[in-house]
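Q: Could we go through this structure feature by feature, taking the general idea before the particular case?

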Amino acid sequence: MTDDTQRSMLVSIGELARTTGLAVRTIRFYCDEGILEPQRSAGGHRMFDPDDATERLLLVRRLRALGLGLESITDVLREERSITEAVAAESARLDIEFRSMAWRRASLRAVETAAPAQRADRLALLAAVQDGSAAHDCLVRFWWRVLTGLTRSDFDSFVCGNIPQPPADPSAGDVVAYAELTALVAEPGLHGAVGQHLWGRHPQTIRNRRELFFNVGDVLMDVFPLVSEGVRPHAGDELDRFVDAHANARGERDSPQFRKQLLAAATDTDHRIHRYWSLSAQLSTTPATIGQAHHWLHGALNRSTGHASEN
């Protein structure tokens, strides 16, 4: 086929507009963006291969109808990304956008439904937390500082089981609870109090933090059902194993003196820690939190040392 024959088969931008139903200015824009690559007539006018140009423009229009941006569409046309990949990326972007909008809607409702006297405080609390993802990241950073000594894999497992994910469609109560959690972990001194709550006093004496973490974790797993069933703290196997884990981690043995030292190191009466785990329980789908299980064990330890106060 000669060049003259090829040129005779090309169509003008006006003809292409009539064929595709797109405006001339739209086709011209796509040319300027590199989506279409026209040839030029002797007079300098844009000319197009009718089949190729029509196919590309129809694909562009269909992808635009799904909300894809020109950058993604250009990647598809250049075969740098498949249609499946481009659609999946747009779907993921929308998921993030929808979660952000759901958070904003719940935040607005939380302010709207607050009692007039509480509305200013509620507004200040929620304004400090822009979305659930940012709040979750804040909690993760807090616990990464607390759980120094764990591997990243160990820590990721802790995150999955103990830091509640922001709900995809939160209620007004959910966003308030999450915002309060974020405010709590920003309080000076809470990091140290929570660290002492988990590791005890003088954590530098712990020879292997990871081993202590997992040994205590095994005990907590057995305490969860007791907490869920409302069983009151008491001496027994769970408490003995908890004390043994801390004693062995420090090269010591379980004894009345060691139990008193362990109890003296507890920060279990800190109202901020109780509030943190209460809010976590509100947002969690698990029957109990590690904070509640720790509280049960400290209550049992309190009783085993001769202190009969309620826990």
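Q: Which helices each supply at least two residues of the lining of the largest cavity?

A: A cavity is, on a 1 Å grid over the protein atoms alone, a set of points where a 1.4 Å probe fits but cannot get out, and its lining residues have an atom within 4 Å of a point; helices (H or I, at least four residues) and strands (E, at least two) are DSSP runs, numbered from the N terminus. Here helix 11 and helix 13 each supply at least two residues of that lining, and the largest share, 3 residues, comes from helix 11. The model is a predicted one, in which local features need pLDDT of at least 70 and side-chain atom pairs count only at pLDDT 80 or more, whereas totals for chains, interfaces and linings use all residues. Residues are numbered from 1 along each chain as its sequence is written, and side-chain values use heavy atoms, with hydrogens and water left out.

Q: How much space lies in the largest cavity, and how does its lining divide by class?

A: A volume is the space filled by probe spheres set on the points, with grid points joined across faces, edges and corners. The largest cavity holds about 40 Å³ of space, and the count comes to 1 cavity of 30 Å³ or more. Ala, Val, Leu, Ile, Met, Phe, Trp, Tyr, Cys and Pro count as nonpolar, Asp, Glu, Lys and Arg as charged, and the others, Gly among them, as polar. The lining of the largest cavity has 5 nonpolar, 5 polar and no charged residues, including His197, Phe242, His246 and His298.

Q: Which helix gives the most to the lining of the largest pocket?

A: A pocket, unlike a cavity, is an open set of points with protein on both sides within 12 Å along at least five of seven lines. In the largest pocket, with about 480 Å³ of space, 24 residues form the lining, and the closest to its centre are Asn162, Phe213, Gly217, Leu220 and Ile290. Helix 12 (209–228) gives the most, with 9 residues, while helix 9 (152–162), helix 11 (190–199) and helix 16 (290–304) are among the others that supply at least two each. The residues of this lining divide into 14 nonpolar, 8 polar and 2 charged.

Q: What is the order of the strands in the sheet?

A: Strands of a sheet pair through backbone hydrogen bonds, either parallel or antiparallel, and two strands count as paired if DSSP finds at least two bridges between them. This open sheet of 3 strands has the order 1-3-2, with antiparallel pairing; strand 1 (11–12) and strand 2 (39–40) are the edge strands, each pairing on one side only. Strand 1 is joined to strand 3 (residues 46–48) by 2 bridges, and Val11 has Phe48 as its bridge partner in strand 3.

Q: Is Leu184 buried or exposed?

A: Buried means under 20% relative accessible area, exposed over 50%, and partly exposed in between (1.4 Å probe, protein chains only). Leu184, in helix 10 (residues 172–185), is buried because its relative accessible area is 7%. With contact meaning heavy atoms within 4.5 Å, Leu184 touches Leu190, Arg272, Arg275, Tyr276 and Leu279, not counting residues up to four places away in sequence.

Q: Where in the protein chain is confidence lowest?

A: pLDDT is the predictor's confidence in each residue, from 0 to 100. The protein chain averages 89, but confidence is lowest in helix 1 (residues 3–9), at a mean of 55.
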